[in-house]
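User: Hey, I'm new to this one. Can you walk me through it?
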Amino acid sequence: MRLGGPVLDGYDSPAEWIAGLEARGYAATSCPVGPEADEATVRAYREAADDADVMIAEVGAWNYNPLSRDEDERRESVAACKRHLELADRIGAQCCVNIAGSRSDLWDGPDPDNFSEETVALVVETVREIIDDVNPETATYSLEPMPWVVPDSAESYRRLVEAVDRDAFSVHFDPVNMISSPRRYADTAGFVREFVDELGEHIRCVHCKDTRIRDELTVHLDEVRPGEGNLDYHALLTALDGLDRDIPLLLEHLDSEAEYEQAAGYVRSVADEAGVDLTP
């Protein structure tokens with residue numbers, strides 16, 4: 001497996017980007033350019049990653065809502081997801097990832113209709129359209145799990161994989177986004193093992209963060225830095241290691257290089273204890 005994260009202080013060239021990743025000991029990262037990048041730029045970053053043995057784990061198609069009730073916004077969002085999937089294929093990324101979207105006014109907000117059969121059918125139809133129109137050669141399209149829209153569990157993700165029925169549809173594993181109840185929080189080890197057992201063959205990327213419950217009614221779950229919460233990283237890393245594949249683990253949502261260094265140090269320490277190899 002490969003631990004990775006961002007280069008927060010920026011870069012102006014592929015060489016600077018690679019130097020920043022190597023300084024942090026990262027063997028994976030997210031895409032360094034957007035879909036507007038010209039072919040020469042995309043090729044330069046792809047070759048730099050290949051030469052340095054860095055895996056481009058994902059192209060994030062964030063802030064687009066393929067489930068918007070506004071049809072113009074929905075069409076524009078679907079088109080944007082296609083452009084990002086095309087980029088993923090051009091730059092050699094494992095996947096293009098977005099959330100499914102939302103029927104809320106917010107692209108990622110909760111809404112009572114997010115779990116309706118009509119919405120799930122729209123998710124399936126939309127994912128198929130994105131994949132079929134792009135027809136990627138190596139990259140895949142994936143949905144990041146969320147607490148309030150499908151996929152939100154191993155079972156709902158398995159149903160989506162079966163319903164979409166496309167080889168280029170992959171699984172994006174973000175356990176913290178699915179730890180949405182005290183019961184699931186109480187047994188994070190069981191949850192991650194169940195998810196990997198159910199969907200491991202389809203996983204292309206994993207997000208690494210942590211979760212902590214507050215002693216405050218009704219229920220409050222906060223995202224925190226790896227090592228500061230309740231997610232069982234020993235169970236997570238050993239379950240993923242059992243897949244015997246080169247899977248990227250991306251740290252995210254931290255505010256400073258110091259926090260990323262602490263998070264990476266924690267994940268590496270657990271990997272050492274568990275006898276799990278993280279490249280490099």
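Predicted model: local features only at pLDDT ≥ 70, side-chain atom pairs only at ≥ 80, totals over all residues.

User: Okay, at what angle do H1 and H2 pack?
Analyst: Helix H1 (residues 14-24) and helix H2 (residues 39-52) pack at about 35°, and their axes are 9 Å apart. Their crossing is right-handed.

User: Which residues meet there?
Analyst: From H1 you have Pro14, Trp17, Ile18 and Glu22, and from H2 Ala44, Tyr45, Ala48, Ala49 and Ala52. By class, that contact has 8 nonpolar, no polar and 1 charged residues.

User: What about H4 and H5, how are they set?
Analyst: H4 (residues 117-134) and H5 (residues 154-164) pack at about 50°, with axes 10 Å apart. They are therefore oblique to each other.

User: And who touches whom?
Analyst: Val120, Val123, Val124, Val127 and Arg128 in H4 meet Leu160, Ala163 and Val164 in H5.

User: Switching to pockets: what volume does the largest pocket have?
Analyst: About 780 Å³. It's lined by 40 residues, and Glu144, His207, Lys209, Glu252 and His253 lie nearest its centre. The lining has 20 nonpolar, 13 polar and 7 charged residues.

User: What lines the second largest pocket?
Analyst: Its lining includes Val120, Leu160 and Ala163. H4 and H5 are the elements that give two or more residues to that lining, and H5 gives the most, with 4 residues. The space in that pocket is about 200 Å³.

Definitions and conventions:
Residues numbered from 1 in each chain as written. Heavy atoms only, no water. Axes fitted to C-alpha atoms, helices over the stretch in contact; angles between N-to-C directions. Parallel < 35°, antiparallel > 145°, perpendicular 65-115°, else oblique. Contact = heavy atoms within 4.5 Å. Left-handed = near helix turned anticlockwise from the far one by under 90°. Nonpolar A, V, L, I, M, F, W, Y, C, P; charged D, E, K, R; others polar. 1 Å grid on protein atoms, 1.4 Å probe; cavity = no way out; pocket = protein on both sides within 12 Å on 5 of 7 lines; lining within 4 Å. Points joined across faces, edges and corners; volume = space filled by probe spheres on them.
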